Amino acid sequence: TFNMFFRQNFEQRLNLTAQLEPIRELTIDLTLEKSFSKEYSELFKDTANFNQSNAKQHLNPFASGGFSVSYVAFNTLFQNVNPNEITTTFKQFQANRQIISNRLATENPYWATSGGVVNADGYASGYGRHSQDVLIPAFISAYTKQDPNKVALLKQNNSKVNNNPFRGILPRPNWRLNYTGLSRMPALAKTFSAINISHGYQGTLSMNSYTSALQFADPFRVGAPQFIDTVSGNYVPFFLVPNITIQESFQPLIGIDITTTKQLNLKFEYKKSRTLSLSLVDYQLSETNATEWTIGGSLRTKDVKIPGFLRVFFKNQKSLQNDLNLKLDISMRDEATSNSRLDQPNAYGTGGQKVITIQPSIDYVLNNRINIKLFFDQRRVIPYIQTSAPN
């Protein structure tokens, strides 16, 4: 006669950091992260006569949460991409589905006992081309160049609140490198006071807002789905995942920062990034690729001669007493977004732009109260789609 609402919250976080110095002046920073959360709720209710013993039932079980790990997927980052063409990696993703489908059927005891067969299209019954349990491992194996016969499958088990269906997806370390030893070489030390070479990679794989499926059935508790949805023809998994996202970036792929003994600073950075978001609702992949390079320099000089018409502001002195800083930065960022839909022959660009930035400046500290700066800042935006205007 009384509804008892029961709820459990579980959260797991892993964060590992390490710094290595294999040779002098070379530092390598490693980071590895993982987060997993789950909330489980149910109604603990006496459905029979409240005077009878052992009559309470666990009703309406529901679980939800999120999952994220540091990841590495740059094996397919440097492919040639045309926003209006299907990429070779996406084609591989589609091809991997058959292998994953047959692996899942082999590992599901209900499939064989219920008369499961491999259909004419190569997919096992209950694990079709749009099955969630097929798509997630096929996507990961294609975009990380893993063997589809060995990539981890999702686990269909929720016997405990801390059970993680994605535990087969292991976190991988990200890194950042800095090397400053070149300026110590005698041949370079005469000209350069500092030479810094940098390189870094950061990537994440996440599946947020997953929920349990109310139609999931595992009567013999073998850790596999038994109920097949009559509409899709696929087994209903325990967890429903709306999307899976991979974000990665080289920040930078290569960076060089040089300072000479004459106070001239030069720097160059080249960055590359990608965002992949696979929707498991409408079965399309949104892919954004971006490249960016930056060239900059600055010069600190002193005893700069003052033009005659300005000397009245400097008490008729012939040269500047403090240092004059000259700086110039030029950068270009190019990014494009395309959508590819499963089992469709074409892709199409949905956005993107090229941004060119020019920033020269002259800076002079007159005294501890007055700072004079002359600068110019131009940002030019060239869109790739007609619905956006140039800026």
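A residue is called buried under 20% relative accessible area, exposed over 50%, and partly exposed in between (1.4 Å probe, protein chains only). By that scale, Phe74 is partly exposed at 27%, whereas Tyr201 is buried at 2%.

This is a predicted model, in which local features need pLDDT of at least 70, side-chain atom pairs count only at pLDDT 80 or more, and totals for chains, interfaces and linings use all residues. Residues are numbered from 1 along each chain as its sequence is written, and side-chain values use heavy atoms, with hydrogens and water left out.

**Overall form**
- The chain has 4 helices and 13 strands (DSSP runs: H or I of at least four residues, E of at least two, numbered from the N terminus).
- Its radius of gyration, over C-alpha atoms, is 30 Å, well over the 21 Å of the globule rule for 391 residues, so the chain is more spread out than a compact globule. That rule is 2.2 Å times the number of residues to the power 0.38.
- The C-alpha atoms fill a box of roughly 105 × 55 × 50 Å along the principal axes.
- Of the 391 residues, 38% are buried.

**Aromatic rings**
- The structure holds 18 aromatic pairs (Phe, Tyr or six-membered Trp rings with centres within 6.5 Å; planes under 30 degrees apart are stacked, over 60 edge-to-face, the rest tilted).
- Phe74 and Tyr201 pair edge-to-face, 5.6 Å centre to centre with 70 degrees between the planes.
- Phe74 sits in the loop between strand S3 (56–70) and helix H1 (88–107) and Tyr201 in strand S5 (residues 192–212), so the pair ties together parts 127 residues apart in sequence.
- One aromatic cluster includes Phe10, Phe36, Tyr210 and Phe239.
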